[in-house]
Amino acid sequence: YAVHCTPQAYTRSKAMDKGRLIGVLIGFLIAIPVYIRLLCRVFTVGFGVFKVKERKPPACLQDPQFGVHKYMKVNGIKIHYVEAGEENKPLMVFVHGFPEFWFTWRYQLNYFKKNYRVVALDNRGYNDSDKPAGIENYHIKNLIDDVKALVEGLGVNKFTLVGHDWGGAICWTFAALYPELLDNLIICNCPHTLSLRDQRQ
């Protein structure tokens with residue numbers, strides 16, 4: 001079908017285009033001082049201005065009430081985790097979502113450490129865990145095998161697995177591949193991965 005453009009509509013369209021152009025120019029003019037400052041920093045500091053600074057973690061991340069910070073080498077990378085509770089109690093492992101890290105589970109660590117040995121890990125690529133280069137290193141099978149190797153490294157063969165958000169997807173897939181290792185599976189805010197796949201079709 002044909003669209004008929006009236007002179008008034010054409011005039012409104014041209015006015016909108018002119019308004020957008022003016023908005024872009026004003027934004028560019030406002031940004032000029034930022035670009036100048038960045039350029040000055042590059043000349044004075046060098047290209048180190050683009051590097052992440054080493055920072056001391058805030059005190060709340062080191063609070064001993066949440067547990068002890070530990071590291072374990074699994075699948076060729078170093079995984080950071082926080083552990084609390086007695087070693088002879090049943091193990092409960094927490095897997096965080098995106099873009100979180102172990103601290104997401106601080107309240108659960110504090111609560112469940114009375115009856116469980118609780119562990120909240122940083123997935124590969126997050127916080128103090130190693131960040132291997134290459135997207136292929138972040139395939140879900142690698143993330144699942146990190147959890148499996150960590151649990152095995154802790155000397156446990158049955159445990160409770162808790163996941164939230166993207167961590168929930170990791171846990172759903174873990175349960176499908178290694179059901180014999182789980183006593184319980186608890187998922188927060190993540191439907192089953194098969195239902196997600198079905199919704200995409």
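Analyst: Welcome! One definition to start with: a residue is buried when its relative accessible area is under 20%, exposed when it is over 50%, and partly exposed in between. Please also keep in mind that this is a predicted model.

User: Thanks! How does Cys-188 count on that scale: buried, exposed or partly exposed?

Analyst: Cys-188 has a relative accessibility of 31%, so it counts as partly exposed. Cys-190 falls in another class: its relative accessible area is 13%, which makes it buried.

User: And how many disulfides does the count come to?

Analyst: The general idea is that a disulfide covalently links the sulfur atoms of two cysteines. To call one here, the two sulfur atoms have to be within 2.5 Å. By this rule the count is zero. For Cys-188, the closest cysteine sulfur belongs to Cys-171 and is 9.2 Å away, so a bond is ruled out by distance.

User: Let me step back to the whole chain. How many helices and strands does the protein chain have?

Analyst: There are five helices and six strands. Read from the N terminus, their order is α-β-β-β-α-β-α-β-α-β-α. The overall spread can be read from the radius of gyration: the protein chain comes out at 25 Å, while the globule rule gives 17 Å for 201 residues, so the chain is more spread out than a compact globule. The C-alpha trace spans about 80 × 60 × 30 Å along its principal axes.

User: What percentage of the residues of the protein chain count as buried?

Analyst: Of the 201 residues, 31% do.

User: How can I tell which parts of the chain meet although they are apart in sequence?

Analyst: Look at the contacts and ask how far apart the partners sit along the chain. Among the contacts in the protein chain with a separation of 6 or more, 63% are between residues 24 or more positions apart.

User: Where is Asn-123 found, and is it buried or exposed?

Analyst: Asn-123 sits in the loop between strand E4 (117-121) and H3. Its relative accessible area is 2%, so it is buried. Leaving out residues up to four places away in sequence, Asn-123 touches Val-95, His-96, Ser-129, Leu-143 and Ile-170. Ile-144 is 21 residues from Asn-123 along the chain, and their C-alpha atoms are separated by 9.6 Å.

User: Which residues is Lys-141 in contact with, leaving aside its neighbours within four places in sequence?

Analyst: Lys-141 contacts Leu-177 and Tyr-178. Lys-141 belongs to helix H3 (residues 140-153) and is partly exposed at 34% relative accessible area. Its C-alpha atom is 27 Å from that of Tyr-116, a residue 25 positions apart from Lys-141 along the chain.

User: How far apart in space are Arg-41 and Val-119?

Analyst: They are 42 Å apart, C-alpha to C-alpha, with 78 residues of separation in sequence. Arg-41 is part of helix H1 (residues 7-45), and a relative accessible area of 32% makes Arg-41 partly exposed.

User: What about the backbone itself?

Analyst: In general, phi is negative for most residues other than glycine, and most peptide bonds are trans. The bond joining Phe-98 and Pro-99 is cis, with omega about -5 degrees. Pro-99 lies in the loop between strand E3 (91-95) and helix H2 (106-112).

User: Where does Asp-165 lie, and what is its phi?

Analyst: Asp-165 is in the loop between strand E5 (159-164) and helix H4 (166-177). Its phi is positive, about 60 degrees, although Asp-165 is not a glycine. Asp-165 is partly exposed, at 25% relative accessibility.

User: And Asn-189, what is its phi?

Analyst: Asn-189, which is not a glycine, has a positive phi of about 60 degrees. You will find Asn-189 in the loop between strand E6 (182-188) and helix H5 (193-200). With a relative accessible area of 58%, Asn-189 counts as exposed.

Note on methods:
Residues are numbered from 1 along each chain as its sequence is written. This is a predicted model: local features need pLDDT of at least 70, side-chain atom pairs count only at pLDDT 80 or more; totals for chains, interfaces and linings use all residues. Side-chain values use heavy atoms; hydrogens and water are left out. Helices (H or I, at least four residues) and strands (E, at least two) are DSSP runs, numbered from the N terminus. The radius of gyration is taken over C-alpha atoms; the globule rule is 2.2 Å times the number of residues to the power 0.38. Buried means under 20% relative accessible area, exposed over 50%, partly exposed in between (1.4 Å probe, protein chains only). Contact means heavy atoms within 4.5 Å.
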